[in-house]
Amino acid sequence: MHGEYKVPGGKLVVVDLEVEDGVLRHVRVAGDFFLEPDEAFDVLSHSLEGAPADTDTAGLAARVDAALPEGTVMYGLTSEGVGVAVRRALAHATDWTDYDWQLIHEAPQSPALLMALDEVLTEEVAAGRRPPTLRVWEWESPAVVIGSFQSLRNEVDREGAERHGIQVVRRISGGGAMFCEPGNAITYSLSVPDSLVQGLSFADSYAYLDDWVLDALGDMGIKAWYQPLNDIATDAGKVAGAAQKRVAGGHGAVLHHVTMSYDIDAEKMVEVLRIGREKLSDKGTKSAKKRVDPLRRQTGLPREAVIERMLDSFRTRYGLTAGKATDEEMARARELARTKFSSPEWTARVP
């Protein structure tokens, strides 16, 4: 069995192993990480020999930690990362490079249609009728997108939204509200087979699916990191937030979408969103205006250039072929946009 895991912000860990009589045998850990002293390298593998095959990530990491020589220094590697690689091997997880990735980047579309396409495309991936897909959104009009389980009246100032001509839509994933305007937001979705995140906890899957973005931002000179559970941050502040939805059917799939702030009208945002003190307090700031630091200022690049560099980074790492939603997918999405995502019943499902 073979498992790979790139530690978020770190290096690749590779584990090969066998299972005999319910325990791990012939374990070999490798990767492009750094480790001192040299003798600690063999300890990584030996520490896992004989571990019950149902040991969770924390238990595997504890075995590694207990066996490493005192003073061991790991760079780009963590004991938890070794445990995750083992769990992915046991779960027969796939890797990014196992797939032919398709890019969808269409002309601007309505907020309701953008929500519907997430549902339809991810269902198609789950059914095996569509390859793993990276979709870049283009907003036809401004919107506030609330999470599946959020209270509409608690999150949105309806008078402020109406005054500024901002539509309110509800997405299928959890998480918090997003304030999006054409030209100011960079939003994308990953619709991926469930096997890509096998062996990962729910929290780890966020970091794993966000890691390519950290590399892409790094290529643009921005030092960014994953901030649990679902933020991407820099020294200047939060730049993005993610949300996920698991889709059953077929082999299963995961929807992971991210909204990045290229620019933002902070005055308008706080007139439309009801951002509570509790939400701000755990981010270490007293002002919603200070929570988000746009990429326009940090990169000095046009929005289109930021998107193209992100896509180039993804393409270089994993391959990416231009495609589009099929006629059947678009027809289903338009019907869902009309009957579900534009309906008061769905939008106010949590009043």
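In this predicted model, the secondary structure of the protein chain comprises 14 helices and 16 strands, where helices (H or I, at least four residues) and strands (E, at least two) are DSSP runs numbered from the N terminus. The radius of gyration of the chain is 22 Å, close to the 20 Å given by the globule rule for 351 residues, so the chain is as compact as a globular protein of that length; the radius is taken over C-alpha atoms, and the rule is 2.2 Å times the number of residues to the power 0.38. Along its principal axes, the C-alpha trace spans about 65 × 45 × 35 Å.

The model is predicted, so local features need a pLDDT of at least 70 and side-chain atom pairs count only at pLDDT 80 or more, while totals for chains, interfaces and linings use all residues. Residues are numbered from 1 along each chain as its sequence is written, and side-chain values use heavy atoms, with hydrogens and water left out. The pLDDT, which is the predictor's confidence in each residue from 0 to 100, averages 94 over the protein chain, and 95% of the residues score at least 70. Over residues 280–286, however, the pLDDT is below 50, and this stretch has 10 contacts in the model beyond near neighbours in sequence, a contact being heavy atoms within 4.5 Å.

Of the 351 residues in the protein chain, 53% are buried; buried means under 20% relative accessible area, exposed over 50%, and partly exposed in between (1.4 Å probe, protein chains only). Among contacts with a separation of 6 or more, 71% are between residues 24 or more positions apart. The chain exposes about 15600 Å², of which carbon and sulfur atoms supply 49%, with areas from the Shrake-Rupley method and a 1.4 Å probe, and for residues only the protein chains shown count as cover.

A nonpolar core is a set of buried Ala, Val, Leu, Ile, Met, Phe, Trp, Tyr and Cys residues joined through side-chain atoms within 4.5 Å. The largest such core has 68 residues, of which W96, W101, L190, W212 and M260 touch the most other members. Helix α7 (residues 202–219) gives this core its largest share, nine residues. Apart from it lies another core of 26 residues, which includes M115, W137, A143 and V169. Leaving aside neighbours within four places in sequence, the contacts of M260 include N184, A185, I186, Y188, V213 and L217, and also V239, A240, L295 and M310.

Helix α4 (residues 111–127) has 17 residues that should span 24 Å at 1.5 Å a residue, which agrees with the 25 Å between its end C-alpha atoms; the expected span is 1.5 Å times one less than the number of residues. This helix is mostly covered, with 15 of its 17 residues buried, and G128, which follows α4, has a positive phi near 80 degrees.

Most residues other than glycine have a negative phi, and most peptide bonds are trans. The table lists the backbone exceptions.

| Site | Feature | Value |
|---|---|---|
| E36 to P37 | cis peptide bond | omega near -5 degrees |
| P228 to L229 | cis peptide bond | omega about 0 degrees |
| D21 | positive phi | phi near 55 degrees |
| H26 | positive phi | phi near 55 degrees |

P37 lies in the loop between β4 (34–36) and α1 (40–46), and L229 in the loop between β12 (224–227) and β13 (231–234). D21 is placed in the loop between β2 (12–20) and β3 (23–31) and counts as exposed at 81% relative accessibility, whereas H26 is found in strand β3.
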